[in-house]
Amino acid sequence: MPGATRVRRILSVLTAGCLLAVAACSGGDGASEGTGTDGKPAHVSVWAWYPEFKGVVDAFNASHTDVQIDWTNVGTGPDQYAKLKTAFTAGTGAPDVAMVEFQEIPTFVILEALVDMGQYGANDDKDLYAEWAWSQATDGEKVYAIPVDGGPMALMYRKDLFDRFQIPVPRTWAEYADAAVRIKAADPGAYIASFGSDGGWINGLMWQAGCRPYGYSRAAAKEKVKINLTSPECKKVFDLHGGLVEKGLMAKDPFFTADATAALDSGKYWTWAAAGWTPGYVAGSLKNTAGKWAVAPMPQWTAGADDQGDWGGSTFTVTKQAKNPKAATEVARELFGSSKAAWDVGLNKAFLYPLVKNVAADPAFTGKAYDFFAGQKVNEIFVPVSEKLGEFQYTPFQDFVFGDLNDRSAEAMAGSRSWGSVLEETQKNVVAYAQQQGFTVTQ
């Protein structure tokens, strides 16, 4: 069977060269349901790295008698994913429920490592979540993940400096480039922002520009993947930001370092195209400039347009090693879901941006005034962004795509590659990688 051979080849490459039979992905047969033995609660193991997650677990365990959570933080993002892939390869060692970012879902789907929670009623949750998030968490009627948080993007800016130097807050990307020139003239040591070489951030900018470079549906065609990073919608993002870097108007510092925090807190950077989780992050990190920042809608590529992008977001998945997939699905659906206790932690301590529609629409969230932003109700900007986000898909090897894109961008910042060739080279490398794994690539 040629098709089966190709799928085995895909699976073997994605698991670091170790052939992975479908049966090895599943440590449980799915037969166990309901509570544990002898009428005792079923225990469900969870891997997650959310801040303040202990409070969420405690709230769930206090409100459930049939299921209890055993939580472990095995590392953030890539660290956890590496452990998951090792466990899936070995056929043992994976948790029942795992926190997974949206862009990683196709990878674990192609590994046949995730339970379709639709068979345990998860399709009933469709209307609870932002449409774009539910689309990324599902494939047809199959529900592979339950959305939790996202990162709708807006422009954070130093309102005091823009006001002092009478620079208009940019409404278009052309105005953004003009503001970069005026900022440098006002303060030669300042930049409009930094090009942070973060795959998710770059992806959010491309999403907002109308770039849709990826396409994958296991249900439609499991061996075919779309890769088109060189469309005009994608290239204009790199033309603009790369041009600003070349002219010395945009810095080259990575995000989330001590230097980047100091730069945001000192006036070195005047803007940051950031996400819905930004308010909590900056409030806890920037001390000198609290009250001096504001949030505005993202600049548009066409004046008067209303196009949006997202940076970040995560879900809960149930792995095929779950001993009790029904109980595990209950955990994935209800850990956050509409739980007021969980969202009290998620919003006020972990500073997540909620993808549950009625949580995001609650006046307590949309109308919340932030001291850091001088009392501005910034969620009044972020919430409509999430509501307007359209469909966006990922590949089953998005970590490779983001890594290559970051590497090529770093070469451009170092001067060893032209900005105009970043996407062309990434396209070539990603297509070759996909074909080596047995995928048929379309554009």
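Residues are numbered from 1 along each chain as its sequence is written, and side-chain values use heavy atoms, with hydrogens and water left out. Because the model is predicted, local features need pLDDT of at least 70 and side-chain atom pairs count only at pLDDT 80 or more, while totals for chains, interfaces and linings use all residues.

Strand 6 pairs with strand 10 in the antiparallel sense over four bridges, where pairing requires at least two DSSP bridges between the strands. Methionine 156 has valine 295 of strand 10 as its bridge partner. In a regular strand the side chains alternate between the two faces of the sheet.

Strand 3 (97–101) is mostly covered, with four of its five residues buried. Two bridges pair strand 3 with strand 1 (residues 42–47) in the parallel sense, valine 97 being the partner of valine 46. Strand 3 also runs antiparallel to strand 11, to which five bridges join it, and valine 100 is partnered there by threonine 315.

Both strand 3 and strand 11 (310–318) supply at least two residues of the lining of the largest pocket, and strand 11 gives the most, with five. This pocket holds about 970 Å³ of space, a volume filled by probe spheres set on the grid points, joined across faces, edges and corners. A pocket is an open set of points on a 1 Å grid where a 1.4 Å probe fits, with protein on both sides within 12 Å along at least five of seven lines, and lining residues have an atom within 4 Å of a point. Among the 38 lining residues, Trp49, Glu101, Gln103, Gly312 and Gly313 lie nearest the centre.

Finally, the structure holds one disulfide (cysteine sulfur atoms within 2.5 Å), formed by cysteine 211 and cysteine 234 with their sulfur atoms 1.9 Å apart. Cysteine 211 sits in the loop between helix 8 and strand 7, and cysteine 234 in helix 10, 23 residues apart. The link is right-handed, with 75° about the S-S bond, and both cysteines are buried.

Key
Buried means under 20% relative accessible area, exposed over 50%, partly exposed in between (1.4 Å probe, protein chains only).
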